Amino acid sequence: MPDTETPLTSIRARIQAACAAAGRDPEAVTLLAVSKTRGADEIAALADQGQRHFGENYLQEALDKMPALAGRDLVWHFIGPLQSNKTRDVAARFDWVHSVDRAKVARRLNDQRPAALPPLNVCLQVNVDDEDSKSGLPLAEVPALAAAFQEWPRLRLRGLMAIPRADAEDGNRAAFRRLAMTLSHLRNTMPALDTLSMGMSADYPVAIEEGATLVRIGTALFGPRPPKA
Ligand SMILES: *Cc1c(COP(=O)(O)O)cnc(C)c1O
């Protein structure tokens, strides 16, 4: 264990503290390092400190970085908006997709997942605020899409993901609770579902209190992102 404090070690400590406060096992929360806009060298530096799970939003950027990191046994998560024309590369190169919100995209990922790889882990992205403008499946449509995964043996449905509105006064607690309730209902008929992907730099301790099993953290790990060109 390194003695020096780094953003990674302090986030791990905050995750542990949030788990302790909520009476949860810290092993039950996975830290996903959101590495969009960050170079392969920065990812390698975190990997050297033991970080294994990395999340990317932009397909081409991710594909450009992956070769330099091959052989490090990293777990790649696609967390960005997913159009049908990008499913082939996502199905071939990633271990997880958190942003599936319609059957068409799921079916394509299933059909395009290479036979040599294990089934692709999938979370359904849910619109927990029921805003018109954002991506994500309305809460009411989650059970039907989840049930459809029976038809897709190359996908392994793991759970739900959400990106709540940034300005909620309660630190997004109510939104996280709605997502947790929805997963809990699904688990009555699909007990294998085990993933609640919720919480980012600004709100992950609250998300952990509300049951997050995976927190997606970018800024708090890497510093502010450069403005997008
Ligand atoms: C960028 C991003 C994050 C990380 O956000 P930070 O506020 O930088 O921690 C998490 N989830 C998704 C889907 C993102 O696009």
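Mentor: We take the ligand site, then the cysteines.
This is a predicted model, where local features need pLDDT of at least 70, side-chain atom pairs count only at pLDDT 80 or more, and totals for chains, interfaces and linings use all residues. Residues are numbered from 1 along each chain as its sequence is written, and side-chain values use heavy atoms, with hydrogens and water left out.

Trainee: How many residues surround the ligand?

Mentor: The closest are K36, N57, S201, T219 and R225. The shell has six nonpolar, four polar and three charged residues. The number of residues around the ligand is 13.

Trainee: How far is an oxygen atom of the ligand from an N or O atom in the side chain of T219?

Mentor: A polar contact here is a pair of N or O atoms within 3.5 Å. For R225, a side-chain N or O atom is 2.8 Å from a ligand oxygen. For K36, a polar side-chain atom lies 2.7 Å from a ligand oxygen. For T219, the distance is 2.5 Å.

Trainee: Is C123 buried or exposed?

Mentor: Buried means under 20% relative accessible area, exposed over 50%, partly exposed in between (1.4 Å probe, protein chains only). C123 has 0% relative accessibility, so C123 is buried.

Definitions and conventions:
A residue is near a molecule or strand if one of its heavy atoms lies within 4 Å of it. A polar contact is a pair of N or O atoms within 3.5 Å; within protein, one must be able to donate a hydrogen and the other to accept it, and residues adjacent in sequence count only if both atoms are side-chain atoms. Ala, Val, Leu, Ile, Met, Phe, Trp, Tyr, Cys and Pro count as nonpolar, Asp, Glu, Lys and Arg as charged, and the others, Gly among them, as polar.
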